[in-house]
Amino acid sequence: MTPESSLRADIVEVGRRMYARAYTASNDGNISVRLGTDRLLMTPKSVCKGFMTPDMMCITDLDGKKLSGDRDPSSEMLMHLEVYRQRPDVQSVVHAHPPIATGFAVAGIPLNRAVLAEVLTTLGSIPIAEYATPSTSELPQAVRKYIKAHDGMLLANHGALTVGADVYAAYYKMETIEHFAKISFVARLLGNENLIAREEVERLQALRGTYGIKAPAPICPDPGALGDLIAGNDPASCQIVEAPAGGGSRLVPDSADRPAAILSRIEGAAGSATAGDEGEIRLTYRELTALIEDAIRSLR
Ligand SMILES: [Zn+2]
């Protein structure tokens with residue numbers, strides 16, 4: 001088998017797995033790999049990824065000009081080209097619509113909380129690229145903002161995108177995103193999503209080298225009480241992860257509970273004020289921090 005025929009077979013296999021796992025429906029999704037230094041092998045337009053054959057693939061140059069193939073290249077070719085331009089290290093790009101992760105993308109909830117050690121060491125955070133009309137040049141522009149520092153991202157009201165050192169590596173990241181989304185969804189349904197503390201996140205980040213994981217960028221420094229916006233953390237150069245300081249604990253209670261917990265504390269304090277403590281509201285440093293973070297978030 002030549003290297004090219006082997007890559008064609010790999011794309012067919014990954015397409016079959018994506019369709020089997022319902023990451024795509026109908027003709028959704030697309031897959032590409034680098035073929036040498038100046039060409040790409042890409043899935044064609046309007047084909048179900050579960051029923052492809054090796055001969056269906058297109059070969060294009062890095063500007064998207066079709067060099068061979070009976071069919072036209074993927075309608076999302078512009079997004080793939082942008083990724084290869086921005087990331088010389090990337091050998092393969094996978095795009096799909098895995099339903100749970102896409103649900104987060106529709107809800108506008110990024111998968112950027114420090115919840116699973118495995119995800120923190122591999123993908124880091126999974127941001128949401130702003131909504132863009134599919135197949136237009138808007139989509140590559142939206143992806144450009146995050147692709148230098150992230151190997152996987154959600155696409156607002158659309159789906160997900162992953163990249164890797166080969167087509168299987170890119171596909172496995174898609175599996176990781178959907179798996180993470182499912183776990184996070186269940187934890188939220190159960191009403192509590194404890195977070196891994198910042199100190200532990202930094203420990204996990206240091207382990208990336210030990211595990212031989214090449215992350216595209218480090219996790220952003222802790223913005224503290226001021227929030228990422230004010231602290232100047234930029235998703236183009238580092239990964240923004242929601243991981244509060246643990247103060248010695250490696251897990252931190254669900255931050256989603258914090259505003260409610262703080263409110264009830266304030267209400268409690270106000271209630272007891274009538275009982276004669278001069279209406280003073282006492283907040284711990286963490287509660288105050290959470291209130292400030294919440295206010296900053298609502299301003300964005
Ligand atoms: Zn799509």
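Okay, let's start with a helix contact: Ile100, Ala101 and Phe104 in α3 meet Ile177, Glu178, Ala181, Lys182 and Phe185 in α6. Contact here means C-beta atoms, placed from the backbone, within 7 Å of each other. By class, that contact has six nonpolar, no polar and two charged residues; Ala, Val, Leu, Ile, Met, Phe, Trp, Tyr, Cys and Pro count as nonpolar, Asp, Glu, Lys and Arg as charged, and the others, Gly among them, as polar.

Quick housekeeping. This is a predicted model, where local features need pLDDT of at least 70, side-chain atom pairs count only at pLDDT 80 or more, and totals for chains, interfaces and linings use all residues. Numbering runs from 1 along each chain as its sequence is written.

So how do those helices sit? The axes of α3 (residues 99–107) and α6 (residues 167–190) come within 7 Å and cross at roughly 70°. That makes α3 roughly perpendicular to α6, a label for angles of 65 to 115 degrees.

Now over to strand β8, residues 159–164. Six of its six residues are buried, so β8 is largely enclosed by the rest of the structure. Buried means 20 or more other C-beta atoms within 10 Å of the residue's own.

Who are its partners? β5 (residues 92–96) runs antiparallel to β8, joined by five bridges, and Val93 has Val163 as its bridge partner in β8. Pairing takes at least two DSSP bridges between the strands. β7 (residues 152–155) is antiparallel to β8 too, with four bridges, and Met153 stands opposite Leu161 in β8.

Key: Axes are lines fitted to C-alpha atoms, for helices over the stretch in contact, and angles run from 0 to 180 degrees between N-to-C directions. Helices (H or I, at least four residues) and strands (E, at least two) are DSSP runs, numbered from the N terminus. Angles under 35 degrees count as roughly parallel, over 145 as roughly antiparallel, 65 to 115 as roughly perpendicular and the rest as oblique. Two residues are in contact if their C-beta atoms, placed from the backbone, lie within 7 Å. A residue is buried if 20 or more other C-beta atoms lie within 10 Å of its own, exposed if 12 or fewer, and partly exposed in between; C-beta atoms are placed from the backbone.
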